[in-house]
Amino acid sequence: MKDDTKAILYACIAVLSWSTVATSFKIALTYLTHYEMLLIASCTTLLIFTLLITFQKKWKLIARLTPRQWGLFAFLGLLNPVTYYLVLFKAYALLPAQVAQPINYAWPIVLLVLLALFAHQPIPPKKYIGMFLSLGGVALISIGSGNIGDTGISLYGLLLAALSALLWASYWIVNNKLKDKIDGSVTLFMSFLFGTVYLLAGACGMEVHLSTLPGVLAGIYVGCFEMGISFLCFGLAIRKTSNPALINQLCYLAPFLSLFFIAIILNERIVATTYAGLALIVSGIVFNQYFVSPGKHFHRKV
């Protein structure tokens, strides 16, 4: 099998994985609290990355990390998986999946603003077009979500979904500075090592119930396909492809496929404003990435 074919296969696995996680979040949250779900998922992901580090024989790279780098990973682990996923999962607990998922997906737009504010990277004027398109999509989904079900949509949940996009954009900035200095597998392992330790320490001070098998299995699924296997497959796709733009473009199928699973499995009635808002969000991101130069190609998870 040629490398480009393998790359597309790996990318499709990643995209399919990401398209199912919004549904798996909601299923897990029927059995677990958002903290319990993250605890199981983070432990699962840490196991996956431990096996990866062992298979790749990269323990020696971890042994060479400096005290300063250990301190940086201690911060990264607090940011992701702990803070980011606690906020995201709580948003899913309060909102319909079709609302939480697209708002979180708008993180590249937040990233542009953060880079302009803190990294002094000015926003090209044309990129404001894409930003307004995406922000308009977020607003449309938020306003139109009042037509979903018989109960009102949680404003707190909407704010948490928006905060999750801010947190992921912040993590991207820090993580991107490390990519040329520290091996990617080591970065993932160390972040989840510290994150899992924090979560286990927190669990000692609260009531945690992991006695339901469906809940535990759902949490394991989240750890595998939201945080673990999807990262690995996407990384393999990027390394093997001769056309990174195509691999990035495949990622934009994920939120639309996700709506299919949300409708079929969760029985959520997908309202027209969700489709329109998601289309605006993705259109704005694609416009800024591929029709405005210069720019970086952002994919769902880095």
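Buried means under 20% relative accessible area and exposed means over 50%, with partly exposed in between (1.4 Å probe, protein chains only).

## What you're looking at

By that scale, Ala116 is partly exposed, because its relative accessible area is 27%. This is a predicted model, so to speak of local features takes a pLDDT of at least 70, while side-chain atom pairs count only at pLDDT 80 or more, and totals for chains, interfaces and linings use all residues. Residues are numbered from 1 along each chain as its sequence is written, and side-chain values use heavy atoms, with hydrogens and water left out.

## Overall build

The protein chain has 13 helices and zero strands; both are DSSP runs numbered from the N terminus, helices being H or I with at least four residues and strands E with at least two. The radius of gyration is 19 Å, close to the 19 Å that the globule rule gives for 302 residues, so the chain is as compact as a globular protein of that length. That radius is taken over C-alpha atoms, and the rule is 2.2 Å times the number of residues to the power 0.38. Along its principal axes, the C-alpha trace spans about 55 × 50 × 45 Å.

Of the 302 residues, 51% count as buried. The accessible surface comes to about 13,900 Å², and 69% of that belongs to carbon and sulfur atoms. Areas come from the Shrake-Rupley method with a 1.4 Å probe, and for residues only the protein chains shown count as cover. As for contacts (heavy atoms within 4.5 Å), take those with a separation of 6 or more: residues 24 or more positions apart account for 88% of them.

## Rings

Rings of Phe, Tyr and Trp (its six-membered ring) pair if their centres lie within 6.5 Å; planes under 30 degrees apart are stacked, over 60 edge-to-face, and the rest tilted. By this rule there are 14 aromatic pairs. Take Phe25 and Tyr92: their ring centres are 4.9 Å apart and their planes sit at 80°, so this pair is edge-to-face. It ties together distant parts of the chain, with Phe25 in helix H1 (residues 3–29) and Tyr92 in helix H4 (residues 67–94), 67 residues apart.

Phe25 and Tyr92 are both buried. Ring pairs also link them into a cluster with Tyr84, Tyr85, Phe89, Trp168 and Tyr171.

A salt bridge here is a side-chain nitrogen of Lys or Arg within 4 Å of a carboxyl oxygen of Asp or Glu, and the count comes to one. The partners are Asp183 and Lys58, at 2.8 Å from N to O. They're 125 residues apart: Asp183 is in the loop between helix H8 (155–178) and helix H9 (184–203), Lys58 in the loop between helix H2 (34–56) and helix H3 (59–63). Asp183 is partly exposed at 26% relative accessible area, whereas Lys58 counts as buried at 16%.

Ile27, Tyr31, Phe260, Ile264 and Ile265 make a nonpolar surface patch of about 490 Å². Patches use residues with over 30% relative accessible area and no salt bridge, joining like charges within 9 Å and nonpolar side chains (Val, Leu, Ile, Met, Phe, Trp, Tyr) within 5 Å. Helix H12 (residues 254–265) gives the most, with three residues. Ile27 is in helix H1 and is partly exposed, at 34% relative accessibility.

Thr274, in helix H13 (residues 272–290), is buried with a relative accessible area of 1%. Leaving out residues up to four places away in sequence, Thr274 touches Gln98, Ile141 and Leu259. Thr44, in helix H2, is buried too, at 13%. With that exclusion of up to four places, Thr44 touches Ile220, Gly223 and Cys224.

Back to Ala116, which sits in helix H6 (residues 107–118). Neighbours within four places aside, Ala116 is in contact with Gln121 and Ile123.

Most residues other than glycine have a negative phi, and most peptide bonds are trans. Asn80 and Pro81, though, are joined by a cis peptide bond with omega at about 25°, and Pro81 is in helix H4.

His120 isn't a glycine, yet has a positive phi of about 55°. His120 lies in the loop between H6 and helix H7 (127–144) and is exposed, with a relative accessible area of 66%. Asn267 also has a positive phi, near 60°. Asn267 is in the loop between H12 and H13 and is exposed at 65%.
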